2 protein chains.
Amino acid sequence: MYFRDLLVNAEVNGIVVPQGLIAHGRGEAFDYILGEKTVPAAEKATRAAAAFLLTAQHPIISVNGNTVALVGKEIVRLASTIPAQIEVNLFHRTSRRERRIENYLARFGARNVLGVGSAASARVPDISSPRAKVDPEGIARADVVLVPLEDGDRAEALRGLGKQIIAIDLNPLSRTSRTASVTIVDNVVRAVPHLITISKRMKKLSNNELEQIKAKFNNQRNLATTIKEMVQYLKGWAVD
Amino acid sequence: MYFRDLLVNAEVNGIVVPQGLIAHGRGEAFDYILGEKTVPAAEKATRAAAAFLLTAQHPIISVNGNTVALVGKEIVRLASTIPAQIEVNLFHRTSRRERRIENYLARFGARNVLGVGSAASARVPDISSPRAKVDPEGIARADVVLVPLEDGDRAEALRGLGKQIIAIDLNPLSRTSRTASVTIVDNVVRAVPHLITISKRMKKLSNNELEQIKAKFNNQRNLATTIKEMVQYLKGWAVD
């Protein structure tokens, strides 16, 4: 309920668009049949995500209105932990919204947020939406992109450019989830704080150990495990 | 996508509240794992719903912003088919929104919409939200209430008053779904037109036949069947 109010306020403040509220509702439903908890498969994905981020040459955290409204502060902390840069990338793009998001993140200490206004001068091919616009210093040259609350088209296009995509998406059936290198099927409000903790801990590991974690992770298998968790949850309700 | 735009516009026009958009998103997710179709259990529930409505002494169709935005026209048609009266009942109640909904329904020929402004002078006990306010000519004296897109508190309170509740809710696990006498687990944009067709057809049945349909219907069993449909759908995706 608290997070619902956060989003409703963020819509009033022009950070979140109405479509973002609908998307949040979809997430809520999937979270519900996940038991509103971090399942073991999400735990595993979070470790793999940390390994990808910590071994990246140029990791970028892509944010939209919903992400910033829900976990703006934590995104800034995650960026300084890895370290990674933050880029604003909106489906419903207006420079006014970009500035508002930039200012909102600045409150938590974010400096040099990428992708704002004319800074998004590069283009990702094969996307028709304004999400195609990216920062040459950011997503355009990134090797690993963390994309919480993503749309499927962009996830596919970025994968097509050979980038590793880490998604946070409560729908394990979505195109984003199935396209990503690592999908954390968890609520962003649990997943991002958790990713910070895990990343801090895994910084102590050697490059070799991190590479092993990456190599061992199988996203399709992990998604299948998550879906089975949802099936178990639903079955518990199918009693007449 | 078309219905998503309808709702976003309805929010701009003050018919739908931001919380309604989030609720719609939850519905979308459940519809997704239902395969976005009317399952046999929903078909069965629709027949039972029609039987309850057609045998009612004083049937009322309760509407909120989302219902009106998505199927306003169809609600008016259903009301004249049964016949039943329409009552506005909002969780986020303002007289401005009530009037807008009344005017919107009037476009489709609705006259004498109940529950608007001071007309909602009766109270349903045990509800703290503004939804407690009901029309003495409507929900207060109804024996059967159709509540598309309901909240659980009110469904329970109305059941407590001995009324038969027919819910249209995509979440078969919700309190509304489990409290109602009949729950149609289907998208309201499919369910309401379907209910009109079925009601027209069932008008030819005798009272005895309608009573038999009511008596044979078991809502808990029907919900369990629906959940099993969702389980089957999800299982089809759990492949590594």
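**Entry 1: the sheet of chain B**

I began with the sheet of chain B, where five strands form an open sheet in the order β2-β1-β5-β6-β7, and I noted that the pairing is parallel. The strands at the edges are β2 (85-88) and β7 (182-184) of chain B, each of which pairs on one side only. When I looked up how neighbouring strands of this sheet are turned against each other, I found 20 degrees on average, with direction ignored. I also wrote down that the model is a predicted one, to keep in mind for every entry that follows.

Within this sheet I picked out one pair, strand β5 (residues 144-148) and strand β6 (residues 164-168) of chain B, which run parallel and are joined by five bridges. Here Val145(B) stands opposite Ile165(B) in β6(B).

**Entry 2: a bent helix in chain B**

Where is the kink in helix α4 of chain B centred? I found it centred on Val71(B), with a bend of about 95 degrees in a helix that covers residues 65-81. I then checked how well α4(B) is covered, and 14 of its 17 residues turned out to be buried.

**Entry 3: the sheet of chain A**

Five strands make up an open sheet with parallel pairing, in the order β2-β1-β5-β6-β7 (chain A). I noted that β2 (85-88) and β7 (182-184) of chain A each have a single partner strand, so one side of each is left without a neighbour in the sheet. Neighbouring strands of this sheet are turned against each other by 20 degrees on average, direction ignored.

Strand β1 (residues 59-63) and strand β5 (residues 144-148) of chain A run parallel and are joined by three bridges, and the bridge partner of Ile60(A) in β5(A) is Val145(A). Helix α6 (residues 152-160) of chain A packs on the sheet, where it touches β5 and β6 (164-168) of chain A, and the direction of α6 makes about 160 degrees with that of β6(A).

**Entry 4: chain A as a whole**

Why does the radius of gyration of chain A agree with that of a compact globule? I reasoned that a compact globule of 240 residues would have a radius of gyration near 18 Å, and chain A has 17 Å, which agrees. The C-alpha trace of chain A spans about 55 × 45 × 35 Å along its principal axes, and 52% of its 240 residues count as buried. Of the contacts in chain A with a separation of 6 or more, 67% are between residues 24 or more positions apart.

**Entry 5: one proline**

I looked up Pro193(A), which lies in helix α8 (residues 188-202) of chain A. Pro193(A) and Leu34(A) are 159 residues apart in sequence, and their C-alpha atoms are 18 Å apart in space.

**Entry 6: where the chains meet**

Last, I looked at the contact between the chains, in which 29 residues of chain A touch 28 residues of chain B. On the side of chain A that touches chain B, the elements that give two or more residues are α1 (2-12), α2 (18-32) and α10 (219-235) of chain A. Of these, α2(A) gives the most, with eleven residues. I sorted the residues of that side of chain A by type, and they divide into 16 nonpolar, five polar and eight charged.

Terms used. Residues numbered from 1 in each chain as written. Chains lettered and ligands numbered in written order. Predicted model: local features only at pLDDT ≥ 70, side-chain atom pairs only at ≥ 80, totals over all residues. Bend = angle between axes of the 7 residues up to and from the residue. Helix = DSSP H or I, 4+ residues; strand = E, 2+ residues; numbered from the N terminus. Buried ≥ 20, exposed ≤ 12 C-beta atoms within 10 Å, placed from the backbone. Contact = placed C-beta atoms within 7 Å. Nonpolar A, V, L, I, M, F, W, Y, C, P; charged D, E, K, R; others polar. Rg over C-alpha atoms; globule rule 2.2 N^0.38 Å. Pairing = 2+ DSSP bridges. Axes fitted to C-alpha atoms, helices over the stretch in contact; angles between N-to-C directions.
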